[in-house]
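Please keep the sequence and the 3D view open while reading.

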Amino acid sequence: MTSTSKTTFLLALSIHCAASFRTVPHFSTTRTPSIRPIHRISKQAHFASTENDDKISSPKSSDDCSCDDTPSGGPAPLQPFLPAMDPKYSVRGPVGDGNFLLSRNGPPTIEELSNDQMLKIVKLECSDLEVNTLVWKCLGYRFNEETESWDPTDVFPKWKEKYPSPPDLIGMQRVYSREVDQPSLRSNQALVRSIPVDNKQSLKEHLKPLGWKGYQYRELTPNKTRRAQCANWLIFYREELFGYTVEELRERRRLKKEAEAEAEAKRIAEEGEDADNWKPPVKEVF
């Protein structure tokens with residue numbers, strides 16, 4: 001075969017091969033990078049799927065939670081409540097207009113402190129302002145209609161030192177940025193710290209007979225948590241502080257501490273020292 005024949009043969013073979021490649025499915029003579037599809041998933045979908053996996057792999061025990069199931073997505077975030085941004089809202093906002101028994105004037109009444117009232121608080125059947133107002137009255141603040149202000153004269157001494165004006169214990173604006181919500185959070189925490197450990201579970205004890213079993217963890221919001229803490233404090237106030245003067249409360253506290261010290265000394269003498277018998281400190285309002 002001559003050189004010319006060889007050249008002609010190779011050229012024909014090249015054309016034939018190129019034509020053959022074009023007939024192969026999904027084949028391109030142009031080289032492109034191999035790109036794998038990217039599957040995106042939202043954070044909500046991820047946690048929802050994780051939650052579902054947990055339910056499948058780990059059956060829920062009846063002891064895990066004492067309340068009914070709620071949608072797996074959790075509670076919708078609360079929207080800012082614009083009326084509460086008015087500086088006069090705490091003294092002009094409506095209270096006691098619905099099914100929640102409350103008057104802004106005068107001291108608290110036993111009717112205002114009933115278990116039915118506490119149930120309405122935790123079930124969100126009253127306003128944030130109504131919860132605040134009831135707690136303020138129990139702390140000793142008294143509303144002055146003429147000046148449209150809260151008088152702290154009768155407020156428990158230790159509480160009045162820190163809060164001469166009634167603090168927002170709920171976060172009525174429902175704005176949870178640090179600069180807006182921090183005062184409400186701190187005041188609510190101070191209220192909780194004034195409850196003795198023996199009274200920490202008062203809410204469940206008193207409301208369980210009414211059918212309330214507590215909140216499920218995934219449905220909690222700052223608003224619900226603080227409402228429950230305020231209701232628990234109100235029950236403690238009703239059971240331990242209501243109807244007593246500060247002097248009487250201090251005397252009862254002294255007698256109680258003496259009795260506890262005597263009982264503890266007797267227990268140690270019989271059983272020995274117990275390192276685990278510790279109770280968190282209580283910062284009482286009086």
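Contact here means that heavy atoms lie within 4.5 Å. With that meaning, and in what is a predicted model, Trp159 touches Leu139, Tyr141, Pro167, Leu169, Ser187, Ala190, Leu191 and Val285, leaving aside residues up to four places away in sequence.

**The nonpolar core**

- In soluble globular proteins, nonpolar side chains tend to be buried together.
- The largest nonpolar core has 48 residues, and those that touch the most other members are Val122, Leu139, Phe156, Trp159, Trp233 and Leu234.
- Several elements give two or more residues to this core, among them α4 (115-122), α5 (128-139) and α10 (246-271), while α9 gives the most, with nine residues.

**Aromatic pairs**

- Seven aromatic pairs are found when the whole structure is searched.
- One of them joins Phe81 and Tyr89, whose ring centres are 5.9 Å apart, and because their planes meet at 70 degrees, the pair is edge-to-face.
- Within this pair, Phe81 is partly exposed, with a relative accessible area of 34%, whereas Tyr89 counts as buried at 11% relative accessibility.
- Phe143 and Trp150 form a tilted pair, with 5.4 Å from centre to centre and 55 degrees between the planes, and both residues are buried.
- Phe143 and Trp150 also belong to one aromatic cluster together with Trp136.

**Charges over rings**

- The charged end of Arg104 sits over the ring of Phe143, at 5.5 Å from the ring centre.
- The charged end of Arg252 sits over the ring of Tyr244, at 4.3 Å from the ring centre.

Methods: Residues are numbered from 1 along each chain as its sequence is written. This is a predicted model: local features need pLDDT of at least 70, side-chain atom pairs count only at pLDDT 80 or more; totals for chains, interfaces and linings use all residues. Side-chain values use heavy atoms; hydrogens and water are left out. Rings of Phe, Tyr and Trp (its six-membered ring) pair if their centres lie within 6.5 Å; planes under 30 degrees apart count as stacked, over 60 as edge-to-face and the rest as tilted. Buried means under 20% relative accessible area, exposed over 50%, partly exposed in between (1.4 Å probe, protein chains only). A charge sits over a ring if NZ of Lys or CZ of Arg is within 6 Å of the ring centre and within 35 degrees of the ring normal. A nonpolar core is a set of buried Ala, Val, Leu, Ile, Met, Phe, Trp, Tyr and Cys residues joined through side-chain atoms within 4.5 Å. Helices (H or I, at least four residues) and strands (E, at least two) are DSSP runs, numbered from the N terminus.
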